[in-house]
Amino acid sequence: MTIAQIENLIRYVTNAEGKTTDVLVPLELWQQIIHSLNTDNISGLAWIDEQEPKEQILADLQESVRLAAAGQTFPISQLWEDATA
């Protein structure tokens, strides 16, 4: 979506003096903006994932390997459902 297209979707709110005080943004556009702000453009990861300490990432990976070695695995469809819930 181009800037011109975005500008056509946005509505401005003014006060009694005609001064712009707020902006109305369609919900779908707002959700796209929030998603863009929360996602790293290079890695595609959510901001919170980018900020996770390396020690926690390593601990999670070690736990996953331990569970897999013990045969405690899950179908990918179940993992996907959990992530989107």
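Helices (H or I, at least four residues) and strands (E, at least two) are DSSP runs, numbered from the N terminus. The model is a predicted one, in which local features need pLDDT of at least 70 and side-chain atom pairs count only at pLDDT 80 or more, whereas totals for chains, interfaces and linings use all residues. Residues are numbered from 1 along each chain as its sequence is written, and side-chain values use heavy atoms, with hydrogens and water left out.

**View 1. Overall architecture of the protein.** The secondary structure comprises 5 helices and 2 strands, which follow the pattern α-β-β-α-α-α-α when read along the sequence. Of the 85 residues, 4% count as buried, where buried means under 20% relative accessible area, exposed over 50%, and partly exposed in between (1.4 Å probe, protein chains only). Among the contacts (heavy atoms within 4.5 Å) with a separation of 6 or more, 6% join residues 24 or more positions apart.

View 2. Strand E1 (residues 11-14) and strand E2 (residues 20-24) pair in the antiparallel sense over 4 bridges, pairing being assigned if DSSP finds at least two bridges between two strands. Tyrosine 12 stands opposite valine 23 in E2. The hairpin has 5 residues between its strands, and glycine 18 takes a positive phi near 90° there.

**View 3. A nonpolar surface patch.** Leu27, Trp30, Ile33, Ile34 and Leu37 make a nonpolar surface patch of about 490 Å². Patches are made of residues with over 30% relative accessible area and no salt bridge, with like charges joined within 9 Å and nonpolar side chains (Val, Leu, Ile, Met, Phe, Trp, Tyr) within 5 Å; accessible areas come from the Shrake-Rupley method with a 1.4 Å probe, and for residues only the protein chains shown count as cover. Leucine 27 is found in helix H2 (residues 27-38) and counts as exposed because its relative accessibility is 58%.

View 4. The 16 residues of helix H4 (residues 54-69) should span 22 Å at 1.5 Å a residue, and the end C-alpha atoms are 22 Å apart, which agrees; the expected span is 1.5 Å times one less than the number of residues. Arginine 66 and glutamate 63 lie 3 residues apart in H4, about one turn of the helix, and their side chains meet in a salt bridge (2.8 Å, N to O), defined as a side-chain nitrogen of Lys or Arg within 4 Å of a carboxyl oxygen of Asp or Glu. Arginine 66 is partly exposed at 46% relative accessibility, as is glutamate 63 at 34%. After H4 comes glycine 71, with a positive phi near 80°.
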